[in-house]
Amino acid sequence: MAIRDKLSGNEAVAVAMRQINPDVVAAFPITPSTEVPQYFSSYVADGLVDTEFVAVESEHSAMSACIGAQAAGGRAMTATSSAGLALMWEMLYIAASSRLPMVMSLVTRALSGPINIHNDHSDAMGCRDSGWIQLFGENNQEAYDNFIMALRVGEHKDVQLPVLNCYDGFITSHSVENMELLEDNLVKDFVGEYKPQHYMLNSKQQIAVGPLDLPPHYFEHKRLQAEAMRNAKNVILEVSAEFEKMTGRKYGLFEEYRMEDAEIAMVILGSTAGTAKYVIDELREKGVKAGLIKIRVFRPFPAEELAAALSHCKAIAIMDKADGFNAKGGALFNEIRSAMYDGDARPAIVNYIYGLGGRDVRTNDLEKVYDALAEIVATGVVGDPYRYVGVIDANDVAVQAEAAAARE
Amino acid sequence: MAYNLKETSLKPERLTGGHRMCAGCGAPPVARTILRALKEDDKAVIGSATGCLEVSTFLYPYTAWKDSFIHTAFENSAATISGAEAAYTAMKKTGKIDDTYKFIAFGGDGGTYDIGLQSLSGAMERGHDMVYVCYDNGAYMNTGIQRSSATPKYADTSTSPAGKVVPGKQQFRKELTRVMAAHGIPYVAQTAPTKNFKDLYEKSEKAIYTPGPAFMNVLAPCPRGWRYETSKLMELSEIAIDTCFWPLFEVVNGEYKLSYRPKNKRPISDWLEAQGRFKHIMKNPEAIVEIQEEIDLKWTQLLRLCGEQE
């Protein structure tokens, strides 16, 4: 029987960690992820886990200690946000290339500067090519479920890669929601014992980790790493199917919401999907054929599947909660537009940068996006695809007045 | 049992030959001596910061290390090994392993005094049962002899060149061993490969088998950076000790203890003139006097800390 509870996203993830009982958790405080190690250290203090909690002096050392622990043969975990992830940057690549399947919760937050503690996806997008599998959850339940599944995915023999469990700072991390927890023994059985093939504390076979790898071998190693990421897609689906059997909760590469006959659609990562679903329901009442794709698996990128799911749409808005600074839009936009190139369908595709630095994303913001998509369908005119929603435009008198009214 | 070089040398090598370190480099005999201090039955996890020792001993697909070994990056040898030690503690507690492991992290002076200082300080403060060894050759030798905060004043390096106006490095070196002693950890030592390696071996044994964190700062002459004939490795080490450029001492639970007091303290010019990197100041008596005064000051301070007569 599932356990009904009311928890914040961070506490739910900490509970998952307690249930898994990892060997090492090494973490450093940063808002908004810091509650995860706080909750977890209380489990350590109360003797509920066997874990060594290493309160490191920086995120760089958090990731370094996790690498040392995982290479030694233990299960290592951590959590971070924003600048903390940025400080780990060098080590993210080393964890991935050393094929160490640790799990890290990334409680997404805007990157400095200017410093801002609130949510967007600039941290997650910044590390998108570091070799980590990236799962995104919409709410507390998904943050919890994804964390448990992440171990099985990363540790699979065909994968052996680290996994980022991404969920939105404050919106998900600090909001308390009703959710279902699994019994401790079910989680333990589901994740099983970690049995690495090679590890430093194996007394029968010493190993050396992290060589100088020069031109004769480096290229082949990077290619193997890329293949592991490709293998991850099927493994994620297998693990998700097994999880569904246990919980009844179905997870795929992405979630399609009212997409069967959708003419206009949005693609979203994270918590804003919940707002979009509400807007879609209202639009559907008015006869607008609106839909949503919420991406769960961002790395590996499910390009073919997304292209197929979007092929019947007439106009699509790709929602990026991080600007691209390439002068051509956000990362998600560029990747999805590229994914569509292989098919025959050529829906109109535009990009909206939204919600930066914790700017509220309201239902009327998303309505504006759907209205714009409907306009594109009606007129056939796309215009500049690189757009913003919810930003105050210094040149737009109407927007300024609206913003002033909202402030009052 | 009293130390005996011949007997300890019979132990199987844990850093084997075939690595690519230079002839006349201090780091390999330092590393081998430290590993010899491990009990034969004890296993070890060895870490190294990026640097000469790492890139020359573990070039894929070969490793010269008999024990499990890990290199991750430049600034985090201490943090990486602290994570491995934490995993060991957890896995031992839950019965997943039952062998005895020791944890030793190496770093050069660049990876220790400079970029790795935070990681080192954190690992020592947290109390991991590990040894951190700095092999100090006084510059970033692996990248081509750039100055570090361990480089002695007036040394000619590739980023503190002896020019027409500026005669080499402009700062005295950081007293890292004393910085580490100030952490209040159970064992800190300053040592060097000298004579029959007794000082280095015995301090290594203490560092490894003292529960909790230990730090060793070991002088490791570098023929390329210091510019000496490769055959003179041991001689350079000896002059450094006898001029009191590199005093031998240990700090046990906060108590300073001098390990060796030269009968005749040699002038610092003996040490300077043995190395090409100081050639440009040998005709500059003021600079030599300045260095001598600094050496004397630090030596006097150390004698006081050790409760020795000045």
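Reader: How many Å separate the centres of domain 1 and domain 2 of chain A?
Author: This is a predicted model, in which local features need pLDDT of at least 70 and side-chain atom pairs count only at pLDDT 80 or more, while totals for chains, interfaces and linings use all residues. Residues are numbered from 1 along each chain as its sequence is written, chains are lettered from A and ligands numbered from 1 in the order in which they are written, and side-chain values use heavy atoms, with hydrogens and water left out. Chain A is divided into domain 1 (3–247) and domain 2 (254–407), with bounds that come from an automatic or database domain assignment. Taken over C-alpha atoms, the distance between the two centres is 29 Å.

Reader: What area is buried between domain 1 and domain 2 of chain A?
Author: The contact (heavy atoms within 4.5 Å) takes 28 residues from domain 1 of chain A and 27 residues from domain 2 of chain A. Buried area is the accessible area (1.4 Å probe) that two parts lose on being put together, summed over both. Carbon and sulfur atoms give 54% of a total that is about 2100 Å².

Reader: Which residues of domain 1 of chain A lose the most area to domain 2 of chain A?
Author: On the side of domain 1, three residues together account for 29% of what that side buries. One of them, E138(A), also meets K294(A) in a salt bridge at 2.9 Å, N to O, a salt bridge being a side-chain nitrogen of Lys or Arg within 4 Å of a carboxyl oxygen of Asp or Glu. The three residues are F136(A), E138(A) and K233(A).

Reader: How many salt bridges does the rule find across the interface of domain 1 and domain 2 of chain A?
Author: Across this interface there are 19 residue pairs in polar contact, both residues at pLDDT 80 or more. A polar contact is a pair of N or O atoms within 3.5 Å; within protein, one must be able to donate a hydrogen and the other to accept it, and residues adjacent in sequence count only if both atoms are side-chain atoms. For salt bridges across the interface of domain 1 and domain 2 of chain A, the count is eight.

Reader: Which residues of chain A lose the most area to chain B?
Author: Between the chains, 40 residues of chain A are in contact with 42 residues of chain B, and the buried area is about 3200 Å², of which carbon and sulfur atoms give 63%. Three residues of chain A together make up 20% of what that side buries, namely M200(A), L201(A) and L212(A).

Reader: Which residue of chain B forms a salt bridge with E57(A)?
Author: Across the interface of chain A and chain B the rule finds three salt bridges, and the count of residue pairs in polar contact is 19, both residues at pLDDT 80 or more. In the salt bridge of E57(A) the closest N and O atoms are 3.0 Å apart, and the partner is R126(B).

Reader: Is R14(B) buried or exposed?
Author: R14(B) lies in the loop between α1 (5–9) and α2 (27–36) of chain B, where helices are DSSP runs (H or I, at least four residues) numbered from the N terminus. Its side chain reaches the backbone oxygen of K39(B) at 3.4 Å, and a polar atom of that side chain of R14(B) lies 2.7 Å from the backbone oxygen of D42(B). Because the relative accessible area of R14(B) is 13%, and buried means under 20%, exposed over 50% and partly exposed in between (1.4 Å probe, protein chains only), R14(B) is buried.

Methods. Helices (H or I, at least four residues) and strands (E, at least two) are DSSP runs, numbered from the N terminus.
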